[in-house]
Amino acid sequence: MPSEHIQWFPGHMAKTRRLITENLKNVHIIIEVLDARVPVSSRNPELRKMTGDKPTILLLNKASLADPAKSREFIKHYTDAHTVCILCDCVTGEGLNRLPEAIRTVLKDRVERYEEKGQSGRHLRAMVVGVPNVGKSTLINRMSGGIKAKAENRPGVTRTKQWVSTKIGIDLLDMPGVLWPKFDDQFTAENLAATGAIRDDILDIEHLALKLVKRLRDMYPKELAARFKLADGDDWQDMTEAQLITLIGKKRGCLIPGGLVDNERVSNLLIDEFRAGKIGRLTIDHLPAPKAAATPKEDTLPEPSNASEDAPTEEDNHANL
């Protein structure tokens, strides 16, 4: 039986960590894809340690499923001297038109050096990283204009790196999704599980539904009540999470013979409807504590980094693809 304690770090993720470190010298910039519904929980702290001061662009993907007001707050929070943050939806393409310009602005010095050497057509190289099922392969396919990376709505599909060229002069190094060996807290683990970054077959779905319904009642009570037709007369605000799940099951007819609620069925229904955005545009992470130092304005791009030089690398043959 799946454990209520959530932890998932299969062997291929350890390999991915090595791949990221080994290939860091072959790229000019990092594109880290986050889930806009859980922008804190989906940001892998190990990636920041591995990539150091390499220029980074954060993509808050799945914008159409997230709370717009909270997304604006997270964009402002994440934008600093080394990082640009862009809200986007890799399925619809919303916001991705800003990405090529942002990359060239961050790497302005490098682009100018290429032009001075008569290499204006030389490609820039970006590594695409993020947790599983966050939309990296969808981003690759959208930017390349075709199906170059296998994309499915489940974690763990991409298992090895691959280079993909685009028509905008930027080569993308697609990396498998990677988590970290041990979650600092179960709040983060539960958020990742609720958004589909962890394989469902290792989860206790009923326990996860209890945690999710608590978040939704605390953070989005109106949306929860509207979706599942919860009336004030139901006293649902004062119920335990288990009682609330049972009430939702009754409202939706998730019953077994004898009129009892099928807890597994209603738990799956709640999680599926949250993931599909049917309950509303929801963000279930909390904004971190304010930064100690002031951050630049939201539309300010960071200064380019000289972290990598123009010396040839094993991946230079991709520059003219």
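**Loops, strands and helices**

Author: Asn-133 has its place in the loop between β4 (124-130) and α6 (136-144). The model is a predicted one, in which local features need pLDDT of at least 70 and side-chain atom pairs count only at pLDDT 80 or more, while totals for chains, interfaces and linings use all residues. Residues are numbered from 1 along each chain as its sequence is written, and side-chain values use heavy atoms, with hydrogens and water left out.

Reader: What makes a stretch of the chain a helix or a strand?

Author: Both are DSSP runs, numbered from the N terminus: a helix is a run of H or I of at least four residues, and a strand is a run of E of at least two. The protein chain has 11 helices and 8 strands.

Reader: Why is Asn-133 called buried?

Author: A residue is buried under 20% relative accessible area, exposed over 50%, and partly exposed in between (1.4 Å probe, protein chains only). Asn-133 has a relative accessible area of 15%, and therefore counts as buried. Its phi is near 60°, a positive value in a residue other than glycine.

Reader: Where does Lys-62 lie, and why is Lys-62 counted as buried?

Author: Lys-62 belongs to the loop between β2 (56-61) and α3 (68-78). Its relative accessibility is 14%, so Lys-62 is buried. Lys-62 also has a positive phi, of about 65°, although it is not a glycine.

Reader: How do you know that Val-33 is buried?

Author: The relative accessibility of Val-33 is 0%, and the residue therefore counts as buried. Val-33 is part of strand β1 (residues 29-35).

Reader: Which residues are in contact with Val-33, leaving aside its neighbours within four places in sequence?

Author: Contact means heavy atoms within 4.5 Å. Among the residues in contact with Val-33 are Leu-59, Asn-61, Val-128, Val-129 and Leu-139. The C-alpha atoms of Val-33 and Leu-59 are separated by 4.8 Å, although the two residues are 26 residues apart along the chain. In the protein chain, 73% of the contacts with a separation of 6 or more join residues 24 or more positions apart.

**Charged pairs and the surface**

Reader: What makes the meeting of Arg-275 and Asp-200 a salt bridge?

Author: A salt bridge is a side-chain nitrogen of Lys or Arg within 4 Å of a carboxyl oxygen of Asp or Glu. For Arg-275 and Asp-200 the N to O distance is 2.9 Å, and the pair is a salt bridge. The pair links distant parts of the chain: Arg-275 is in helix α11 (residues 263-275) and Asp-200 in the loop between α7 (186-194) and α8 (205-219), 75 residues apart. With 35% relative accessibility, Asp-200 is partly exposed.

Reader: How many salt bridges are there by this rule?

Author: The count comes to 12 salt bridges. Side chains of opposite charge can pair when their charged atoms come close. Arg-17, Glu-46 and Lys-49 are linked in a network of salt bridges.

Reader: How do you know that Asp-218 and Lys-214 form a salt bridge, and how are the two separated in helix α8?

Author: Their N to O distance is 2.8 Å, and the side chains meet in a salt bridge. Asp-218 and Lys-214 are 4 residues apart in helix α8, which means about one helical turn between them.

Reader: What joins Lys-251 and Asp-234?

Author: They form a salt bridge, with the closest N and O atoms 3.0 Å apart.

Reader: Why is Asp-109 called partly exposed, and what does Asp-109 form with Glu-112, Glu-115 and Glu-116?

Author: The relative accessible area of Asp-109 is 31%, so Asp-109 counts as partly exposed. Asp-109 lies in helix α5 (residues 108-116). Together with Glu-112, Glu-115 and Glu-116, Asp-109 forms a negative surface patch. Patches are made of residues with over 30% relative accessible area and no salt bridge; like charges are joined within 9 Å, and nonpolar side chains (Val, Leu, Ile, Met, Phe, Trp, Tyr) within 5 Å. Lys and Arg count as positive and Asp and Glu as negative, while His and the chain ends are not counted. The place of a charge is taken as NZ of Lys, CZ of Arg, CG of Asp or CD of Glu.

Reader: What share of the 321 residues in the protein chain is buried?

Author: Buried residues make up 52% of the 321 residues.

Notes
Areas by Shrake-Rupley, 256 points an atom, 1.4 Å probe, with all protein chains shown as cover.
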